[in-house]
Amino acid sequence: MIFRGSIPILFSSDVRKSIEYYTEVLGFETKWEWDDPPTFGGVSKDRTELFFCKDGQGHPGTWIAIMVDDVDALYHRIKTKGAKIHASPEDMEWHLREMLVEDPDGHILRFGQHITPHRKKSSDFPGTINIVERTPTVEEYNDLTKGVGWNVKSDDQVEKMLRAPVYALVAEDKETNKAVGCVLLLGDHASFYYIKDMMIHPDLQGKQIGSALMRKLNDWLENNSPGDSLVSLYTGPNLASFYGQFGFKESFGMTRRIGNKKK
């Protein structure tokens with residue numbers, strides 16, 4: 001016999017209001033309702049699903065644990081949306097980094113992220129870092145490329161690449177004036193944008209610098225891209241949840257690499 005999973009059913013004084021909070025504030029993506037006005041409904045995101053029952057099947061104040069890959073990125077995202085946060089992310093002795101969020105019916109959502117026992121107690125954004133709207137220099141780009149272990153391109157090729165972005169951000173260390181991270185945005189200013197070359201120096205990974213770059217980039221897109229624009233990026237499965245915190249979804253795609261051309 002195979003157990004296929006479980007779905008919590010939460011008491012709701014207003015099913016439609018619950019669904020709006022979970023989708024518009026907490027970032028759940030799919031939703032459904034039963035009856036009008038709804039007496040039952042649900043939301044889901046990735047592999048997490050919740051049901052709501054009008055004035056029944058439970059009581060206010062239920063606690064639910066939901067595991068995520070980046071609790072800090074989620075915290076910053078839902079905080080700006082007006083989530084009622086009881087406790088900001090904190091490393092716990094049981095090897096989870098957790099925060100507590102309350103919904104309109106007093107249910108407590110315990111968002112957690114697994115951490116290793118040797119993890120430092122703080123992963124706060126460094127006070128010495130500034131996020132600056134500019135393109136990295138060729139030298140900065142090459143230094144970051146080497147730092148993250150990517151193939152280093154020629155200076156001429158990098159110079160051409162760095163002329164292309166319609167928007168770019170650099171994470172600068174105020175003490176050393178060095179770039180410790182960057183992200184580039186390509187686009188046609190009409191319907192399509194492509195995020196590329198998100199790089200954070202290994203010494204500063206896990207310090208929320210990537211999250212800060214993505215938040216500022218998302219803000220620019222929200223304020224400057226035409227409506228109904230498509231924004232794409234290319235990443236590995238290990239970072240899918242990170243980018244998912246910023247509204248990106250997995251989708252099918254195909255690529256082709258042009259072979260080296262002889263001169």
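**View 1. Which elements line the second largest pocket?** In this predicted model, β4 (48-54), β5 (63-67), α2 (71-80), β8 (108-114), β13 (230-233) and α6 each put at least two residues into that lining. Helices (H or I, at least four residues) and strands (E, at least two) are DSSP runs, numbered from the N terminus. A pocket here is an open set of points on a 1 Å grid over the protein atoms alone, where a 1.4 Å probe fits, with protein on both sides within 12 Å along at least five of seven lines; lining residues have an atom within 4 Å of a point. The second largest pocket has 47 lining residues, with Asp46, Ala240, Ser241, Phe248 and Glu250 nearest its centre.

View 2. Of the 44 lining residues, Trp150, Asp197, Met198, Met199 and Tyr234 sit nearest the centre.

**View 3. Lysine 196 in its strand.** Lysine 196 belongs to β12 (residues 192-200). Its side chain makes a polar contact with the side chain of aspartate 197 at 2.6 Å (N or O atoms within 3.5 Å, one able to donate a hydrogen and the other to accept it; sequence-adjacent residues count only if both atoms are side-chain atoms). Skipping neighbours within four places in sequence, lysine 196 is in contact (heavy atoms within 4.5 Å) with Met161, Val183, Leu184 and Leu186.

**Notes.** Residues are numbered from 1 along each chain as its sequence is written, and side-chain values use heavy atoms, leaving out hydrogens and water. Local features need pLDDT of at least 70 and side-chain atom pairs count only at pLDDT 80 or more, while totals for chains, interfaces and linings use all residues.
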